[in-house]
Amino acid sequence: MKRVWVVGVLFALLAFAAVKAEDEVDVDGIVEEDLGKSRDGSRTDDEVVQREEEAIQLDGLNAAQIKEIREKSEKHVFQAEVNRMMKLIINSLYKNKEIFLRELISNASDALDKVRLMSLTNEDTMATNEELTIKIKSDKEKNMLHITDTGLGMTKEELVKNLGTIAKSGTSEFLNKMTEMQAEDQSTSELIGQFGVGFYSAFLVADKVIVTSKHNNDTQHIWESDSNQFSVIEDPRGDTLGRGTTITLVLKEEASDYLELETIKNLIRKYSQFINFPIYLWASKTETVEEPIEEDAEATEEPEKEASEDDVEVEEEEEDKDKPKTKKVEKTVWDWELMNDIKPIWQRPAKEVEEDEYKAFYKTFSKDTDDPLAHIHFMAEGEVTFKSILFVPTSAPRGLFDEYGSKKNDYIKLFVRRVFITDDFNDMMPKYLNFVKGVVDSDDLPLNVSRETLQQHKLLKVIRKKLVRKTLDMIKKIAEEQYNDKFWKEFGTNIKLGVIEDHSNRTRLAKLLRFQTSNSETVVASLEEYVERMKEKQDKIYFMAGTSRKEAESSPFVEKLLKKGYEVIYLTEPVDEYCIQALPEFDGKRFQNVAKEGIKFDESDKGKEKREALEKEYEPLTTWLKDNALKDKIEKAILSQRLTNSPCALVASQYGWSGNMERIMKAQAYQTGKDISTNYYASQKKTLEINPKHPLIKQMLNRVNGDAEDQTASDLAMVLFETATLRSGYQLADTKAYGDRIERMLRLSLNVDLDEQASR
């Protein structure tokens, strides 16, 4: 009897405890419907807000129930190698902790993709919840961040398998790769995403991770871990999700910034704004609303009106009688805010996308206020299949050539399944195309591509090659007038650098070049247009380099060419001569620098006889110049075929520096004067070409024939040489001696005594 009495007391106590627990928390009443089921329930009244908050939070349980859950849950210990992997991830693998949100959203998107795919063959899959969404909520009071999806969900077995030992098969490979890269002192950050360890990035910011999941084939379960061990138990609250998963992060103290709405918004926009499924954030905003004014308050606020006024306004009052009195009040409104309303238009066929959509998309993702100058939308197939949209901006970005080659290009953004991976590239585009903006997205990049960076250079080269080809096609299709007036002014230097740097696309780039020519003072010309206008027997493309068009067209080197009607290209920018030197030929025509040797004109037999006779006549002068007057200063002296008005010019050899190139090389900031190659080119002797029809040259010939030791002839030869040096674009080795000679000749011409000093 005593035993029966004791058992009865125990039952009574248990019943009292159960009733007390129900009074404290109504578990069944906590969740009225699935969190991601409908946005129509999102309202601003207190009751709805409370329902939403309770729906999204995990812990709708009292302390006693939580304690009981943890005591009854199945405890699991991570395997030793899995535990080691977790520590590596937390302590060293990720460069930026913020990518935890990207990984979790990507996993949620994958779960939604799976349930959508299953629903194609099984209509009942979506019966529990027809909406496919991702919802994120920050709970500052409890230091929690919740990410909920209405995806496939996980059974108890899958929770243990997928979250407890997900890396079991890949863990050994992961750890071996990690050890290899650390031994070679390589960055290990790109390993994430390769071995299915993305979920564990949650522990970068969380002390504890709680996963609540409901699969159609099982009851709702809770998985919980502190990164050392994990537990699984059936959720005592029952089915609160309908279908899907909620990941709750109990954030570390130093990670509290990830609870700020602006931080979350920025991360979603940065990494996940093009996810296929809508991402909602529980956010607040201030709105001005109309609220009815209570009658008592209205009577207190408004003074009594005079009788006379009442009589006048009776009719108006009659009309307004039925209208309720309201006042404007500012209220804080909480609701689900859509974060990814920008659609990934590159996923649609190009023919379905309107021009205005391209412009709007460009402005949104590039933060540029102007419309793009050109765009191209394409899908590439082969070793790597990807879709892409590339844009040419209307104006060049600031500092386009600052740190050229070393500055990382962040204008090309890489996505994998619409998830932003990185824009931190040195090799996605060649340096000369550093102005091109766009997106690259692949659904099937192989596993050796991580979510941090591209691991293998071979893959980069394949993508890069296709991007360059498509970019050049896009530029080529820009209308001629728009190309010359806008594109060339902004990005002409980039194309010239491309000719120098990109050997494989040099021919394509050469067709995009534009230069000033003697054909027009205002319109630039392409090399194709130059070749079309070439004279019948002209076999070379003539060009002259200088600091400006005026300097180039007034050079003695172009006198004969212009007189005979040949078109000359004027190179006026420092990079121009490098660019032409990198082009061996264009359309079968070789380039000829008119400031160098090699200028020859088609001549008749009579003209040839006349030239040979002149050469014989002036042989004493050319020999005297080389051996006596300008000994050790010139390689040789010859009669010129290119001069008409100038007495002489200094001509470089085919492989020597022109005056323009010498000026550029000596102006280099790093030039020390000790470079062997630079000194070799700078010290090369030039050829002095003289104009036999010029009166000074004729007079000098007469003096040399009369007296080879004539001092005036020697002085004249030296002054002509130094003047030719300057007019040909070279620098004088001794400017003081040149000044003294000019002064001496001025004194002689003005009959001033050579020894007379300035008066004091």
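Predicted model: local features only at pLDDT ≥ 70, side-chain atom pairs only at ≥ 80, totals over all residues.

Colleague: Which residue in the turn of the hairpin formed by β12 and β13 has a positive phi?

Modeller: In it, β12 and β13 form a hairpin with two residues between them. Three bridges join β12 to β13 (residues 419-422), and the two strands run antiparallel, with Leu414 standing opposite Thr422 in β13. The residue in the turn with a positive phi, of about 55°, is Arg417.

Colleague: Which strand runs parallel to β12, and by how many bridges is it joined?

Modeller: Strand β12 (residues 412-416) has four of its five residues buried, so it is largely enclosed by the rest of the structure. Besides its antiparallel pairing with β13, β12 has Ile412 opposite Gly438 in β14. The strand that runs parallel to β12 is β14 (residues 437-442), and the number of bridges joining them is five.

Colleague: What is the confidence of the model over the whole protein chain, and what is its mean pLDDT?

Modeller: Confidence is under 50 over residues 9-45, where the model has 58 contacts beyond four places in sequence, and pLDDT also stays under 50 over residues 48-57, with 30 such contacts. Over the protein chain, 75% of the residues reach a pLDDT of 70 or more, and the mean is 80.

Colleague: Why do the rings of Phe100 and Tyr258 count as an edge-to-face pair, and what is the angle between their planes?

Modeller: A search of the whole structure finds 24 aromatic pairs, and in this one the ring centres lie 5.2 Å apart. The pair links distant parts of the chain, with Phe100 in helix α6 (residues 99-119) and Tyr258 in the loop between β7 (244-251) and α9 (261-271), 158 residues apart. Phe100 counts as buried at 1% relative accessibility, and Tyr258 counts as buried at 15%. Planes over 60 degrees apart count as edge-to-face, and the pair is therefore edge-to-face with its planes at 75°.

Colleague: Which residues are linked into a cluster by ring pairs, and where does a charged end sit over the ring of Tyr730?

Modeller: Two lysines lie over tyrosine rings here: Lys535 is over the face of Tyr566, at 5.5 Å from the ring centre, and the charged end of Lys686 sits over the ring of Tyr730, 4.7 Å from its centre. The cluster linked by ring pairs consists of Phe274, Trp346, Phe361, Tyr362, Phe365, Phe391 and Phe415.

Colleague: Which strands stand at the edges of the three-stranded open sheet?

Modeller: The strand order in this sheet is β21-β23-β22, and the pairing is mixed. Each edge strand has a single partner strand, so one side of each is left without a neighbour in the sheet. The strands at the edges are β21 (634-639) and β22 (648-651).

Colleague: How many bridges join β22 to β23, and which helix packs on the sheet?

Modeller: Strand β23 (residues 686-690) runs antiparallel to β22, and four bridges join the two, with Ile690 in β23 as the bridge partner of Cys648. The twist of the sheet averages 25° from one strand to the next. The helix that packs on the sheet touches β21 and β23, and its direction makes about 165° with that of β21; this is helix α22 (residues 619-629).

Colleague: Is Lys367, which has a positive phi, buried or exposed?

Modeller: Lys367 lies in the loop between α13 (355-366) and β10 (374-380), and its phi is near 65°, a positive value in a residue other than glycine. Asn751, in the segment after α27 (735-749), has a positive phi as well, near 55°, and counts as exposed at 74% relative accessibility. Exposed means over 50% relative accessible area, and at 68% Lys367 therefore counts as exposed.

Colleague: What is the distance in space, C-alpha to C-alpha, between Gly729 and Ala545?

Modeller: Gly729 is in the loop between α26 (711-727) and α27, where at 26% relative accessibility it counts as partly exposed. Leaving aside neighbours within four places in sequence, Gly729 is in contact with Gly659 and Asn660. Gly729 and Ala545 are 184 residues apart in sequence, and their C-alpha to C-alpha distance is 9.4 Å.

Note on methods: Residues numbered from 1 in each chain as written. Heavy atoms only, no water. Phe/Tyr/Trp six-rings, centres within 6.5 Å; stacked < 30°, edge-to-face > 60°. Buried < 20%, exposed > 50% of the residue type's maximum accessible area, 1.4 Å probe, protein only. Lys NZ or Arg CZ within 6 Å of the ring centre and 35° of its normal. pLDDT = per-residue confidence, 0-100. Contact = heavy atoms within 4.5 Å. Pairing = 2+ DSSP bridges. Axes fitted to C-alpha atoms, helices over the stretch in contact; angles between N-to-C directions.
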